Amino acid sequence: MSHVRSIWNGAISFGLVSIPIKLVNATESHSISFRQIHTEDGGRIRYRKFCELEDREVGNQEIGKGYEDSDGTIIPITDEDLARLPIPTARTIEIVAFVPSDRIDPLQMDSAYYLAASGAPAAKPYTLLREALKRSNKVAIAKFALRGRERLGMLRVVGDAIAMHGLLWPDEVRAPEGVTPDTDVTVRDKELDLADALMETLGEVDLEDLHDEYREALEEVIAAKAAGETPPELPEPERGGKVLDLMAALENSVRAARESRGESAEEAEVKPLPRRKTSRAAPKETGAKKSTAKKTPAEKTVSSRKSTSAKKTAAKSASAKSSGTKSTAKKSTVKKTSATKKTASRKRSA
C-alpha cells in the first residue's frame with residue numbers, strides 16, 4: 001500500500017511482539033461536494049480566518065489548538081504536548097483481548113482502516129498475527145490514540161490484510177429509550193405469515209449490485225447544465241390511496257415484489273406459510289363442502305323425478321297415465337323439501 005497515503009504511523013503491540021504498521025483509510029467517499037456561491041453573480045464565497053485580538057487575517061501556519069476553560073481562558077495545546085501524552089497508546093495499537101466477533105455491538109462500529117506492514121521486518125510478525133486471527137475465529141480488541149483522543153479498535157482479517165474498525169466507547173452508545181411504541185400492540189400470526197412471505201419474496205441481494213442512484217442522477221443534472229441543456233425532470237411518483245389496512249398493505253407488497261421478479265399473477269397470490277396453512281385452510285374447505293352439499297340433493301331430486309315420470313308415462317295408457325301421474329306426484333311430494341315442491345309444481349303447471 002505504498003501508493004496510499006498513511007494517516008498514522010506506529011506499531012501493533014501483541015504481547016511482547018511489536019509490529020510496525022501504517023494506518024490507511026479503508027473507505028472513501030464518492031459523494032459530490034458543492035461550493036458556496038453568491039447567487040447574484042456566481043462568485044465563490046470564501047471564509048477567512050481573523051485573529052480577534054489583532055483584527056487581521058491569519059494563515060494556517062499560524063493557527064494552533066487551544067482548550068477553552070470554564071472561565072473563558074484559552075489554554076494552548078501544541079502537537080508536542082499531544083505526542084508526549086503519558087499513555088502507551090500514543091503511538092501504539094495495544095491489543096488487550098481476543099473475543100468472538102458477535103460480542104461486538106454493530107452500534108459501536110465507527111471508521112474502518114487497513115493496517116499495512118511498515119517495512120520488511122514487520123512482514124513476519126504481521127503475518128503471524130493475521131494467521132492467528134484466522135485460526136481462532138476471533139477478533140482483537142485494541143486501544144489506540146488518534147486525532148487527540150484515545151479510542152477502541154477491533155482488528156479482523158480482510159483477505160490477506162488486517163483491518164481495524166474504530167469502536168465507540170460503550171458509554172457513547174445511547175440506550176434505546178423512548179424510541180419504541182408506547183402502546184401495546186398485538187401482532188396476529190396471519191400478519192407474521194405475510195411478513196415472512198414478503199421477506200422470502202424479496203430474498204437476498206448481492207451488495208455489489210447496489211449503487212448510488214442519487215449521485216448518478218445528480219451527475220446527469222450537472223452534465224446537462226454544463227452543456228446548456230434542460231436537466232432531466234423527476235418522474236411523478238405513483239400516488240395511491242392511503243393504505244389503512246396492514247393486511248392489505250402486506251398482500252399488495254408481496255404481490256408487487258413477485259410481479260417485479262416476473263412471476264405470474266397466480267404465483268403472486270399471498271398464501272400462509274406451510275407451518276400454519278393446515279389449521280387455517282380447514283374452515284374454508286369445510287365451508288366449501290357445505291355449499292356443495294346444499295345444491296347436490298336438489299339437483300339429484302329434480303333429475304330423479306324427471307326420469308321416474310318419463311318411465312311411468314311410457315308404461316301407462318293416456319287415461320291411467322293422467323291419474324297415475326297425479327297420484328305418484330302427491331306421494332313423492334310429501335318426501336321432498338319445500339324447494340323441490342316449488343320446482344315440481346312449476347314444471348306441472350308448465
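Me: Is isoleucine 77 buried, partly exposed or exposed?

Reply: Isoleucine 77 is partly exposed, because its relative accessible area is 31%, where buried means under 20% relative accessible area, exposed means over 50% and partly exposed lies in between (1.4 Å probe, protein chains only). This is a predicted model, in which local features need pLDDT of at least 70 and side-chain atom pairs count only at pLDDT 80 or more, while totals for chains, interfaces and linings use all residues. Residues are numbered from 1 along each chain as its sequence is written, and side-chain values use heavy atoms, with hydrogens and water left out.

Me: Which element holds isoleucine 77, and which patch does the residue belong to?

Reply: Isoleucine 77 lies in strand β6, residues 74-77; helices (H or I, at least four residues) and strands (E, at least two) are DSSP runs numbered from the N terminus. Together with Tyr67 and Ile75, Ile77 forms a nonpolar surface patch of about 270 Å² accessible area, areas being computed by the Shrake-Rupley method with a 1.4 Å probe and, for residues, only the protein chains shown counting as cover. Patches are made of residues with over 30% relative accessible area and no salt bridge, like charges being joined within 9 Å and nonpolar side chains (Val, Leu, Ile, Met, Phe, Trp, Tyr) within 5 Å.

Me: Zooming out, how many helices and strands are there, and how much of the chain is buried?

Reply: The chain has eight helices and eleven strands, and buried residues make up 19% of its 350 residues. Taking a contact as heavy atoms within 4.5 Å, residues 24 or more positions apart account for 60% of the contacts with a separation of 6 or more.

Me: Which strands make the barrel, and in what order?

Reply: Seven strands close into a barrel in the order β1-β2-β8-β11-β10-β9-β7, with mixed pairing, where two strands pair if DSSP finds at least two bridges between them. Neighbouring strands of this sheet are turned by 40° against each other on average, direction ignored; axes are lines fitted to C-alpha atoms, for helices over the stretch in contact, and angles run from 0 to 180 degrees between N-to-C directions. Helix α2 packs on the sheet, touching β1, β2, β7, β8, β9, β10 and β11, and its direction makes about 85° with that of β2.

Me: How does β1 pair with β2 and with β7?

Reply: Strand β1 (residues 8-14) runs antiparallel to β2 (residues 17-25), joined by seven bridges, with serine 13 opposite serine 18 and phenylalanine 14 opposite valine 17. Two residues separate the strands in this hairpin, where glycine 15 takes a positive phi near 65°. With β7 (residues 92-100), β1 pairs in the parallel sense over three bridges, and alanine 11 has threonine 92 as its bridge partner there.

Me: Back to α2: is arginine 130 buried or exposed, and what does it touch?

Reply: Arginine 130, which sits in helix α2 (residues 123-136), counts as buried because its relative accessibility is 14%. Leaving aside residues up to four places away in sequence, arginine 130 touches Val157, Asp160, Ala161 and Ile162.

Me: New topic: how many salt bridges does the structure hold?

Reply: The structure holds nine salt bridges, a salt bridge being a side-chain nitrogen of Lys or Arg within 4 Å of a carboxyl oxygen of Asp or Glu. One of them joins the side chains of lysine 134 and glutamate 131 at 3.6 Å, N to O; these residues are three apart in helix α2, so about one helical turn separates them. Glu54, Arg56 and Glu62 are linked in a network of salt bridges.

Me: Which salt bridge links distant parts of the chain?

Reply: The side chains of arginine 149 and glutamate 172 meet in a salt bridge at 3.2 Å, N to O. This pair links distant parts of the chain, 23 residues apart, with arginine 149 in strand β10 and glutamate 172 in the loop between β11 and α3. Arginine 149 counts as partly exposed because its relative accessibility is 34%, and glutamate 172 counts as partly exposed at 37%.
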